[in-house]
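Trainee: I have a model open and would like to go through parts of it. Can we take them one at a time?

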Amino acid sequence: MLISEAQEALIGQVFESYLRQHHQEDILQLTADEENHSPIFVNAMTLFEANMEVADYFNAYPSEVLTIFDKDLRSCFLMLNSLVSSGLPVCPEMTRDAIPRSRDVGCFLSVTGTVICTGATKVLEYEREYMCTSCHYVFTKQADFEQFYSFTQQMSCPNSTDCKSDKFTSLNRDSELAACKDYQEIKIQEQVQRLSMGNIPRSMVVALEDDLVDCCKSGDEVTVYGVICQRWKPCYDGAPCYVELVLKANNIEVANRSSQQTSGLAMKDIQKEFEDFWKSYKHFPIAGRNCILLSLCPQIFGMYVIKLAVAMVLAGGVQRIDSSGTKVRGECHMLLVGDPGTGKSQFLKYAAKIIPRSILTTGIGSTSAGLTVAAVKDGNDWHLEAGALVLADGGLCCIDEFSSIKEHERISIHEAMEQQSISVAKAGIVCKLNTRTSILAATNPKGQLNPNEPLSVSMALASPLLSRFDLVLVLMDNRNPEWDRVISSFILEARELCSESADLWPIEKMKVYFSVIKQLQPQMSEEANSILTRYYQLQRQTDGRNAARTTIRMLESLSRLAEAHSRLMYREMVTIEDAIMAISVMECSMQGGTLLGNINALFMPFPTDPFEQYKSQCQILLEELNLQALLQKELKRLERVCVPNDPMSYFVGGH
């Protein structure tokens, strides 16, 4: 052993006093059950402050010191199998954002990365009893982690007598394996946003044991605490020895779960700020919503409808489970189709920054395995590696150049978009993975966009795939001279002024706001239900309707969009206003809108008078839907609440 008996006694004494001072209640709550593996979380900073010599020993010999910690816990008559360390000092010596290298072997480090693959849970035999055939001495032998937990051959009898025998019998060969524990291997990858320019993210295997098994899944951002080890398989004559680095985990912190808890505390602090914001716009909240939309991708001028649609997709609807147990997705999907230079990729990049657990990829560089899941052979075993849709489970998947995905690969995402799962039957592995993600896709039309042709022809996309998108917005550049003049002046003159405007929300505040509104569960009102149902029936009866867009999925899309707008407006009930805005956005996504006419979403500036715009939309839609009673009710509500002291204070324009 590398640590002397005096040093071991010092480490045990310091650790025992630390436990009595800081973890006495935790120890009393533990149950003395050998089958259950119970951890104790130790703050390394507090422990090292008690005695810096222990910190030096821990940095030099982490494996030996952790063994002493466990031994000292057992001496306190606690049936405990491991100690979990966290709260390491934030210093370059013990923290890594990149995959460790060979110089880090033997060091206790914290490594941050993204889980890209989780292996199967296995039962691992870590200890055996042997008996010497000559002197009948019984001894215990530990499995060698550095040789993939194999039991190396014993060369001589460990008995203190003069026994020279080299023949031993395993006592566990025919009996039940008693010394076993859970074991799992995962693979983590470097976080792309932390890499320097031009670097390709690398990956590393992490070994999990006991209670750490199944503590994370693919797509999680984790911080792993553990010892960097080398391991190799048995060497053979004439074959090179393959040595790999592996991180033997001692503790895992799932970053997105801890960030949710942290953001939960931040949400309580900022909750009052959001409530005060909406109170200031209580007379007409549409103007307050436009203030939020102005902060969405502020480098792009105007495009009011596009920003509203993107905000509704990011907010999302509410998942429903019917009486038969079938789940109806709440996540919205949107496809942006437009000429080059219309800002489609800018929206995708900004949206990926707003929503946690977001993946940004391109269709031309993705295969079906890259989007869904791939079966990879590692030695004699097969395991699954998650693709973009699985990694974005619970978040947002942005796919640029969507039409560049090959046809047979495009079919593989049908189930992922509607049923929000991927059924896998590869290499003998049959399972179903969750893809509960919103898809925000962008593509260019095939050639010149012809408004008289169906979208399936213009984009070379099949109707079954188009029907799965809640919104398909067309950005057609028809070379409007007035619009070109406004855009050029904005880019050349007003960009710096707009970016420094005090009215715009910073991106961090936008992140918190969308995290807050996703916790809301708005319920549909009877008025909103009647409006959406009547509009759906009208679309089904219209001559020359688009068969790919006017299916039952359209009604579900309208419901999701209305719920998303209610979330965006910070409400718990879907009102007539939310239903009207959902229909207006749907009208913009339908070629040649039935009620509002043909609207070019690219040239839609922010309204200078949002009150009058909403009022006119409400009158047109409800009159066309023959809902006069609801129209009168909504107009009375507008007259009652929209009486501000200074009407211009509720107008949002100029951007």
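Predicted model: local features only at pLDDT ≥ 70, side-chain atom pairs only at ≥ 80, totals over all residues.

Trainee: Is Thr46 buried, partly exposed or exposed?

Mentor: The relative accessibility of Thr46 is 28%. Buried means under 20% and exposed means over 50%, with partly exposed in between. Thr46 therefore counts as partly exposed.

Trainee: Which residues does Thr46 touch, leaving out those up to four places away in sequence?

Mentor: Take His22, which is 24 residues from Thr46 in sequence. In space the two are 9.3 Å apart, C-alpha to C-alpha. With residues up to four places away not counted, Thr46 touches Tyr18 and His22.

Trainee: In S19, what is the bridge partner of Ser358?

Mentor: S16 pairs with S19, residues 396–400, in the parallel sense over five bridges. Within S19, Ser358 has as its bridge partner Leu396.

Trainee: How is H9 placed relative to H17?

Mentor: The axes of H9 and H17 (residues 507–517) come within 9 Å and cross at roughly 65°. Angles of 65 to 115 degrees count as roughly perpendicular. H9 and H17 are therefore roughly perpendicular.

Trainee: How many residues in the contact of H9 with H17 are charged?

Mentor: From H9, Tyr350, Lys353 and Ile354 meet Ile507, Met510, Lys511 and Phe514 of H17. These residues divide into five nonpolar, no polar and, as charged, two.

Trainee: Phe514 is also in the largest nonpolar core. Which helix gives the most to this core?

Mentor: The core has 87 residues, and Phe514 is listed with Leu314, Met334, Tyr513 and Ile531 as touching the most other members. Not counting residues up to four places away in sequence, Phe514 touches residues including Ala311, Leu314 and Ala315. With eleven residues, the helix that gives the most to this core is H8, residues 304–315.

Terms used
Residues numbered from 1 in each chain as written. Heavy atoms only, no water. Pairing = 2+ DSSP bridges. Helix = DSSP H or I, 4+ residues; strand = E, 2+ residues; numbered from the N terminus. Core = buried A, V, L, I, M, F, W, Y, C linked by side-chain atoms within 4.5 Å. Buried < 20%, exposed > 50% of the residue type's maximum accessible area, 1.4 Å probe, protein only. Contact = heavy atoms within 4.5 Å. Axes fitted to C-alpha atoms, helices over the stretch in contact; angles between N-to-C directions. Parallel < 35°, antiparallel > 145°, perpendicular 65-115°, else oblique. Nonpolar A, V, L, I, M, F, W, Y, C, P; charged D, E, K, R; others polar.
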